[in-house]
Amino acid sequence: MTIKDISTLLNCSVLCCEERLGSDVHMACGSDMMSDVLAFVKDQAVLLTGLLNPQVVRTAEMMDIICIVFVRGKTPGQDVVELAREKGVVILSTKERMYEACGKLYESGLKGRKEP
Amino acid sequence: MSIVLKHEIPGDDFSRAGEASSAVKNKLKQMGIPPEVIRNVSIAAYEGEINAVIHANGGEITVTVDPDAIVIVISDTGNGIPDIELAMQEGYTTASDNIRALGFGAGMGLPNMKKYADEFDIRSEAGKGTVITMKIYMKRPKD
């Protein structure tokens with residue numbers, strides 16, 4: 001699945017890094033606790049969250065997460081978008097709630113972390 | 001030859017937490033360090049940086065890059081940790097609701113640091129501060 005597929009499935013607005021919509025995404029993680037996200041590592045992941053502060057982008061940066069989806073129609077501040085642009089992290093915003101957004105992606109084949 | 005990266009961790013602005021770890025990550029990328037090593041260093045450093053901001057009003061991070069390993073030292077002059085064994089337990093936290101609302105303080109910081117580091121050491125003294133030393137090998141030992 002590509003970031004563009006996610007954007008279409010969840011009817012997202014793209015807030016930055018549109019040029020990277022063609023990137024492949026292999027798994028997803030949905031959480032408002034960044035500490036929990038930091039316990040989860042995999043390549044080419046997408047993070048779904050309702051948290052809007054710059055630490056969401058920092059967390060994505062440290063973990064090489066390539067796309068953040070803000071749920072419940074939330075739009076982050078310009079400082080957050082700018083930081084994401086600088087780090088090359090695609091920012092999407094969807095009106096879907098967390099549960100529905102995760103459910104739709106899972107149903108379409110995007111799975112969570114496979115425990116080793 | 002060792003390369004030493006040193007950054008101050010400002011304690012007064014949570015929105016800036018992560019800048020030091022970000023600077024370290026960029027430098028390691030430029031140096032051509034393997035991506036998986038960079039990620040482990042970045043996460044361990046970032047968790048430590050967040051902790052220093054939340055609990056100790058900032059501190060200092062020193063990253064030493066050697067040919068066989070990267071050593072991260074995060075030190076602060078905060079109140080110290082009275083019971084390290086308790087603090088190492090997953091889910092144990094003394095962070096305020098305010099910090100939890102920012103997405104941290106789930107009691108995963110120290111356990112995560114230990115998980116991503118190949119060697120982990122924590123020393124703390126009441127009223128003096130905490131020093132965490134983490135070593136990440138350039139090549140992961142075979143399981």
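Buried area is the accessible area, taken with a 1.4 Å probe, that two parts lose on being put together, summed over both. In this predicted model, chain A and chain B bury about 1900 Å² between them by that definition.

**Figure 1. Contact between chain A and chain B.** The contact draws 23 residues from chain A and 27 residues from chain B. Of the area of about 1900 Å² buried between the two chains, 52% lies on carbon and sulfur atoms. A:Leu38, A:Gln55 and A:Met62 together supply 33% of the area that chain A buries against chain B, more than any other three residues.

**Figure 2. Polar and charged pairs across the interface.** Between chain A and chain B, 17 residue pairs are in polar contact, counting pairs with both residues at pLDDT 80 or more. The two chains are also joined by two salt bridges. A salt bridge links A:Asp64 to B:Lys25, with the closest N and O atoms 2.6 Å apart. On chain A, helix H2 (34-37) and helix H3 (54-63) each provide at least two residues of the side that touches chain B. H3(A) gives the largest share of that side, seven residues. By residue class, the side of chain A that touches chain B comprises 10 nonpolar, four polar and nine charged residues.

**Figure 3. The open sheet of chain B.** Five strands of chain B are arranged in the order S1-S2-S3-S5-S4, with antiparallel pairing. Strand S1 (3-10) and strand S4 (119-125) of chain B each have a single partner strand and stand at the edges, so one side of each is left without a neighbour in the sheet. From one strand to the next, the twist averages 10 degrees.

**Figure 4. Strand pairing and helix packing in chain B.** Eight bridges connect strand S3 (residues 69-76) and strand S5 (residues 129-137) of chain B, which pair in the antiparallel sense. Within this view, B:Ser75 has B:Val131 in S5(B) as its bridge partner. Helix H1 (residues 19-30) of chain B packs on the sheet and touches S1, strand S2 (58-65) and S3 of chain B. The direction of H1(B) makes about 160 degrees with that of S1(B).

**Figure 5. The open sheet of chain A.** In chain A, five strands form an open sheet in the order S1-S5-S4-S3-S2, and the pairing is mixed. Its edge strands are strand S1 (13-16) and strand S2 (27-30) of chain A, each of which pairs on one side only. The twist averages 25 degrees from one strand to the next. S1(A) and strand S5 (residues 90-93) of chain A run antiparallel and are joined by three bridges. A:Cys16 stands opposite A:Ile91 in S5(A).

**Figure 6. Helices against the sheet of chain A.** Helix H5 (residues 98-107) of chain A lies across S2 and S3 of chain A, and runs at about 155 degrees to S3(A).

**Figure 7. A salt bridge within helix H4 of chain A.** A:Arg85 and A:Glu82 form a salt bridge whose closest N and O atoms are 3.4 Å apart. Both residues belong to helix H4 (residues 78-87) of chain A, where A:Arg85 and A:Glu82 are three residues apart, about one turn of the helix. Over all chains, the structure holds 10 salt bridges.

Terms used:
Residues numbered from 1 in each chain as written. Chains lettered and ligands numbered in written order. Predicted model: local features only at pLDDT ≥ 70, side-chain atom pairs only at ≥ 80, totals over all residues. Heavy atoms only, no water. Pairing = 2+ DSSP bridges. Helix = DSSP H or I, 4+ residues; strand = E, 2+ residues; numbered from the N terminus. Axes fitted to C-alpha atoms, helices over the stretch in contact; angles between N-to-C directions. Contact = heavy atoms within 4.5 Å. Salt bridge = Lys/Arg side-chain N within 4 Å of Asp/Glu carboxyl O. Polar contact = N/O pair within 3.5 Å; in protein donor to acceptor, adjacent residues only side chain to side chain. Nonpolar A, V, L, I, M, F, W, Y, C, P; charged D, E, K, R; others polar.
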